[in-house]
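Open the structure in your viewer and keep the selection tool ready. The tour goes stop by stop.

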Amino acid sequence: MPMCAEVLARSLHDLGVRTVFGLPGGENVRILDALRCQGIEFVLVRNESSAAYAASARWTLTGKLQACLTTLGPGITHAAAGVGHLWLDRAGVVVISACTAEGSGPMHTHQVLDQEHLMAPMVKAHIKVEPDNIHSLRDVCSLAAEGRPGPVYVQISNEVAGLAAAGDGTAPEPRPPAGPEPDMDGMEKAWALMARAHRPVVVAGLGARDASLRTSVQAVASSLQAPIVATPKAKGIVPDRHPLAAGVIGLTRTDPIYELLEQADLVIAIGFDVVELVLPWEFDGALVWVAEWPNVDPPLPADVELTGDVAGHLRTLAQTAEPATGWIDTDFHAFRKDRTVPAPEATAEGRVSPQAVMRSLRRHSDPDAIMTVDVGSHKIHFALDWPTHDVSGFLLSNGLSCMGFGLAGAIGAATLDLGRQVICVIGDGGLAMCAGELGLLRELGANVKVVVMQDEALDLIRVAQLRAGSPVHGTEYRVSVDHTRLAAAYGIPSRRVTDNASLDDGVRTACTQTGPYLIEVMLDPVSYPTFPSTPDGRGATYPQ
């Protein structure tokens, strides 16, 4: 009879999981051994939420089920932010934790929490493993990748992990789901709306990232001659050089592309999720919804809903669409460029503008480099303007927007191919939350370039104070960290840059070397797109 731990490991392996990120406790030892025996790699992170972020990055890049692991009590509570990220960024990840054994008795309260209710609002399903329900484990885990993706939660005590599974621990092979019937009524309504549309727009969301859908999305847009707007999670669904690529929406309430939507009379929303937008959806024109999951939570006022078989629906739409004429004279690249915040002619002495950082990184990094951005002003700047050539090339936390994602996400991406170049742009505040992961980065020897945007503040919050006319208070650090010395402590080569010349030389050096490298950018943040302008348009300055 196999032990429950063995059944868990075998179920994960059968579902395609090959790597588990985690921070274990003594209550996980049987699970760790079962993973090892099953040939599943275990990556020891330094923070529990980092395990979720890393698994999320692998899910985004592969579309295959991933897993992370923590211990009970403080382990699963530390992981809560990461699980919230998995939920709101729609990532198919199995979250595994230890739990207190049932036989511990009512007087045992050490590290005991109601973990099921803690996780319940953030997962699609949860199971507390026992020998007699182990046969349903595979079905629960597979739910993470079905329909609208999201995490599932598995609790298993070390005692149960060592018990024999009921029966042989296996479940009957599930029948493959029947393919969805074509929605001909919905298709006819969509055709009619497209035929009447003068200025249609395609909005591609996180459910359109799959490589198999890219051609179909572009084909629909090309047939209609409709601009393609991407949410941050779908950035790169078309190359930025594509003649119909209009830009990104969902970072702020004043994204330039909202002006484009205001001119549209039809939106075809593909794999879209309202969690991706900061501004509530208030589009007044016709809406065609195309996604693997139903239009719920909350529903958009769609005129047509085409659920399931996204590729098939898109192929049919592309074959029947006729070019619209309303956008013929519009240059979408110019539209985006005209609204890009320019770099200042001069920055503060010893400081570099974020625009210069972006230009240098794009100039010297590999064309297929993966970019991960942490939360902060740099996230908005890079999500709006980073030239992306491939859908797999841009990763961020957007639904929950967690600081600390950037470095862990870069590590997760790097584990797919340790030689592929990954660029991680992270603020000094974000790195302070996950600095221990530099040790894992060095341990893996991954080809990750960490770019620390050092401005000694929580800049987005500081900007909010400036916009409100309030004094800057409680948002600036009183100690400036030397991140090059921090990198050296982990054995990672590094460089501090203070002007454009040292920036360009530092980025070139980092990108021509294989392995981890850290660049500390002494940043002047006043040209971020989020920074408030003065009436003369020259930009405000921070109080000294």
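**Stop 1**

Select β17 and β18 (residues 517–522): the two strands pair in the parallel sense over four bridges. Strands pair here if DSSP finds at least two bridges between them. Helices (H or I, at least four residues) and strands (E, at least two) are DSSP runs, numbered from the N terminus. Now pick R496; its bridge partner in β18 is E520.

This is a predicted model: local features need pLDDT of at least 70, side-chain atom pairs count only at pLDDT 80 or more, and totals for chains, interfaces and linings use all residues. Residues are numbered from 1 along each chain as its sequence is written, and side-chain values use heavy atoms, with hydrogens and water left out.

**Stop 2**

Contact means heavy atoms within 4.5 Å.

**Stop 2: an enclosed helix**

Select α16 (residues 405–414). Ten of its ten residues are buried, so the helix is largely enclosed by the rest of the structure. Buried means under 20% relative accessible area (1.4 Å probe, protein chains only). Among them are F405, L407 and I411.

**Stop 3: the cores**

Which residues have the most contacts inside the largest nonpolar core? They are L407, I426, L441, V448 and V450, in a core of 46 residues. A nonpolar core is a set of buried Ala, Val, Leu, Ile, Met, Phe, Trp, Tyr and Cys residues joined through side-chain atoms within 4.5 Å. Elements supplying at least two residues each include α3 (48–62), α16, β15 and β16.

Centre on V448. Leaving aside neighbours within four places in sequence, V448 is in contact with A410, A414, L441 and Y517, among others. Then move to a second, separate core of 35 residues, which includes I237, A286, L314 and A318.

**Last stop: zoom out**

Buried residues make up 56% of the 544 residues.

Terms used
Buried means under 20% relative accessible area, exposed over 50%, partly exposed in between (1.4 Å probe, protein chains only).
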